[in-house]
Amino acid sequence: MDKDDKNQQGQQGINTKVLKQGLCTGCCACVNLCPSIEYYKDKTILVHDCNLEKGRCFTYCPRTPTDFEMLRCALFNPGDMVLEIGAFKGLYMTRAADENIRAGAQHGGTVTALIQLALDQGFIDEAILADQNDQFLPAAQSIVDKDEVSGKSGSKFAVSPTLSVFNRISKTDTGKIGVVATPCQALALAKMKVNPVPEDKMRMEKLRLVLGLFCGWALDWRKLQKLLKEKTGDRKIKGIDILPSKYACMEVYTMDGTIEIPIEEVNTCVRDNCRYCFDMTCEFADISVGAARSPEGWDVDRGWNQVIVRTDLGGQLLALAREKGVLEFKAVPDKNIENLKKASAGKKLTCLINLSEKTGNPDDFIYIDPEDPVVRHIKKLRG
Amino acid sequence: MSSILFENKKDFEALLMGNDAIARGALEAGVNVVTGYPGTPSSEIVEQLANVAGERNLYVEWSVNEKVALEVAAAGSYANLKSLCVMKQVGVNVAADSLLHIAEYGTRGPLVLVSCEDPGALSSTNEGDSRPYAKMMEFPLLEPGDFQEAKDMARWAFELSCDIRNIVMLRSVTRLSHASGNVIMGKLPKSIPEAIFEFSGTPMDQMKGAVLAFPTLVDSLRRRQHEKLSKAVAAFEESPFNTYTGPQKPELLIITSSVCNLYTREALTILNLWDRVGLLKLGTTWPLPSKLLEQHLSVCEKIFIVEEGTPFLEDNIKVMAAEKAKQVGIKTFFGRKDGTLPCVNELNPDLLIKGINHILGTSVQPVLDDYSAEAAQIIAAGVFNRELTFCPGCPHRASFWLIHTALKLDNRSGFLCGDIGCYGLGAGPCGFSTIKILQAMGSGIGMAGGFGKFDRFGMSQSVMAVCGDSTFFHAAMPALVNAVHNQSDMILVVLDNSGTAMTGFQPHPGSPAGAMGSKLPMLDIEKLCRAMDVRVEVSDPFDLKATRQILLEFLEDKGNPRVLILKQPCALSPIRKGRKMYEMAIDADRCLADHCGCNRLCTRVFKCPGLIWDTIKNKIQIDEVLCAGCGVCASICPTGAITAKKVR
Amino acid sequence: MENTLRCDPYNLIIAGVGGQGNVLASRVLGDMMIHQGYTVTIGETFGASQRGGSVMSHLRISARGGFSPQMPKGKANMVVALEPMEAIRVLAVYGNPKVKVLCNTRPIQSVGVICGEQIYPEKKQIIKWIESLSADAKFFDTTKAALNLGNPVFGNIMAMGALSSTGDLPMSLNVFEQVILKKVPAHKVEINLEAYKIGKGMVIA
């Protein structure tokens, strides 16, 4: 780190090393920490200049240089480490037992069921989850009543400002907080939890549970709005979805029927920063949930989730779900774990290639240490 | 407390500001009608005359803009009244179209146009010089050379206008208008005017015909206009306002006018050169008194022309010297064009000393080198410039805070077109550098209307404009009409602070009273905009939350102009001055100071002068003397360390 | 008329920051001089300079007249500073080794100081600088004394009182009273007289 870098561990660093580099994930870890950074319509905006040489925005950002190994050691049992997919205590296939939950969910409704359970059983006092408005503008909400949870389920294609709500709520005298997080958000939460600045220690103690979401990419809301406008004109849109069985297109439901947008066109709306993401399975969560994917094809396990338990707490929650009957379980096909590892390693490799292309240096991955054991492993896999 | 300026007695001496002297001169001439639009350094003339409008039976109005002001004054002239119209240099451009036609036709009652100009742009956005209008439009121009002359020439301008039956321009400058000196008063006449507009005569009957500028009449009108000019020249040849001081055959002849007269006198005294150098001070600078000039040019080979603004005298005297080359011989000219004087900015005695030294090879003697060097060291070590800023409690600070925030969040490289008023400071740090274009009155809205049409060329930036309430009436309305009609995608924010604040709260058409203090109907900016069928919202800039919401909605709403009127009186306005809306207090324990989480947003970024940064305790403080109690700093404080308690 | 000016023209600058009452002070002094038969030229700048900027008034007092409203550089006989940094700013251009200074020591911070971009020098340092740029400098806190009177704005009149005690100009209390009667509303006359007297007592000539 040169001298300039040392003086730029605040907002200026966020600007030059994250925003201007196109790395900002929109996780909102830097929002609601101070009045100078705001989230507005899917963008992180530096509203007022801040000249501090060190700031929490930089410290907690998931795209500033991060000691991944230190975080893994602090949060997980070293014996559980799997290089491709992070801490691993078991892989499960589940879906919500409640049909109503399943009906509103993209896949099996496992996240909704688990959060409801966590609230109901006092695992957590408050849950923060993604939401969106009628224009699919991502939002986030904190919820204390489990009955409000199911309304928030379903696909979101843009990143929600979840951590801005976490930053706000954790300052209040609330109790234990559970967060439903994307990989970038979970990474930021891990950085906050493991290395909080002194005045944030109390606040971070409130973070009890991180329920992670598998993530391939997110869409840029502004670009998506433009595409939808192009495709639907002034028609009122009721909903959008990308069905797992038809990953080839996005379906847009309007009053006058469904319009299909080819996935190549949707891909142009993917946030640039997603090309530089090192995490598919949300490795810094207690428990991570994604769509089930059987070797035999999508339709076989349509409507099911696959779940990675990473911590004891995650294991307890899943066990409780089984005990209370809020989740249904199904045997996990043998090949699933290998497929998952392969897919995750593929994302990591793409990330490293894209980052080194950006820097023009095969060993400079901006926020990822080239000596990180996972990086070394991925590079080895590539050969 | 009474104004000695308007005491009705003769031959008493008083210290008068140049503008007061001009006002007094107009009173001594028996002025009836006074109009103007506020602008530094001209405003005091109309204000002073408005103060005595009752006892002197004047009609005084602050007009909506300078063009209308001149037209109202011209109406006075055509109704056989004595009229005075006052503006700053830029206003003459606004009035120019009417000015051309008035000068072409001529006047009935005397009509005097006073232009107070600002060499050095001490309080202007330009160094406009209106003197060329006199040449271009062919009417007489007078330039007083001291305070006594300011009064005497103002009075004489009315007499001259009456004699030649045409408009006369009196030009002052900041260093005369806003400076003060001894003036001996003349008497105030009794005037019993009878206003009537006659139109019974033929079109060429200047006093009794209809006042018409028909193409078929132009030839005759122009001939008549030239006769008026000749008559003026004849008067100028004899005028006591053109004076010569110095030897009969000077080594150097300096020709000057206006306040440069005083600079030159001082320089010649300091250099002790009165026995070698002659000073011809011209009070009548267009048309030039050619015989007088010929007489002086013929006795000296070196001619130094000293003036501010454009080389108006210099060019015209050179032309005259060429025409009279046979009589006066070949001359060497010095002035602004050859670099003897700098070609821009105002002059002062030191520049004159330098210029004269350059021509005559005399020695420079101003300041001692040792002293200057030490002073320069001290200045470098610890004296900083005082950046201009909005007053404590100024609504503009809140307005620009909001516009800045909205444009940032909008994230489309949006920008703000500015306009003329205190809020022009919005281009600087106190306005968070939000204004990116700043030129003439009304031009921000006109340009925003243009930018808002360029989407077809790929322009995707958000476009906003601001103007004040007075500017709205003055020049923004036609620009807004244009933007509405052409469906331009722009947002106009009217910063309505209830008066023409920068120049000292002169009323405008939206005010409840006029210049003379009588009650007048208030034109409602909101209703005017609604009549144009644009989306209009009204908000209080001190209500940050509500106003921000409107601005963000406006930025999302595309297509037609949108108008947001931000209403909050100026902190110095009579209604707010000395009255706090909130009593501000500090909860020091909550103040995060320069720590992460705030980093002194209130003092480092918001920068209201009513706040003090206590560097020892590292906490915020309220400056009880300066704080105006607007409460905005409490709204931006992220921790509630600044609190506002409603007064009453 | 007997010319009792220390020198002719007597060149005086009143310096301060917008809002400190520079203009009133210069007009009061000018009126006092004219009242006694002198010729006065005052040059001052208002307009944008009112918004927190530096302001100054140039006074040229003479038995003759015809002086420029802008004083030539290095020609000040006296600088009355309502704010200490402004004294230095003015001295650097108009000062000379013989100039005298009367200076209010209470600083007015700039926006730059409030936001942390500028540092106001220590009082001791400022005094040292002013002393080294003048033949005779006297310091006092008119702001404090004026606040005791109820409003810091009386600092300008106090400075005029202080100037009267130097004996450089004919500035009797009687003349001041006659002038101030015409400048301020009747109920403010008494407090202005008080301010003038306090100022007068501040300097030991």
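How far apart do the C-alpha centres of domain 1 of chain B and domain 2 of chain B lie? In this predicted model, they lie 27 Å apart.

First, here is how the domain assignment divides chain B:

| Domain of chain B | Residues |
|---|---|
| domain 1 | 4–237 |
| domain 2 | 243–360 |
| domain 3 | 395–567 |
| domain 4 | 582–646 |

Now for the meeting place itself. Domain 1 of chain B puts 29 residues in contact with 28 residues of domain 2 of chain B. Between them, the two domains bury about 2,300 Å², and 53% of that is on carbon and sulfur atoms. On the domain 1 side, the residues that lose the most area to domain 2 of chain B are B:Arg131, B:Lys135 and B:Glu237, which together make up 25% of what that side buries.

What about charges and polar atoms? The count of salt bridges between domain 1 of chain B and domain 2 of chain B is 3. You can look for B:Glu149 and B:Lys281, which form a salt bridge with their closest N and O atoms 2.6 Å apart.

The largest share, 5 residues, comes from α9(B). Sorted by type, the residues on this side of domain 1 of chain B are 17 nonpolar, 2 polar and 10 charged.

Conventions. Residues numbered from 1 in each chain as written. Chains lettered and ligands numbered in written order. Predicted model: local features only at pLDDT ≥ 70, side-chain atom pairs only at ≥ 80, totals over all residues. Heavy atoms only, no water. Domains from an automatic or database assignment. Contact = heavy atoms within 4.5 Å. Buried area = accessible area lost by both parts, 1.4 Å probe. Salt bridge = Lys/Arg side-chain N within 4 Å of Asp/Glu carboxyl O. Helix = DSSP H or I, 4+ residues; strand = E, 2+ residues; numbered from the N terminus. Nonpolar A, V, L, I, M, F, W, Y, C, P; charged D, E, K, R; others polar.
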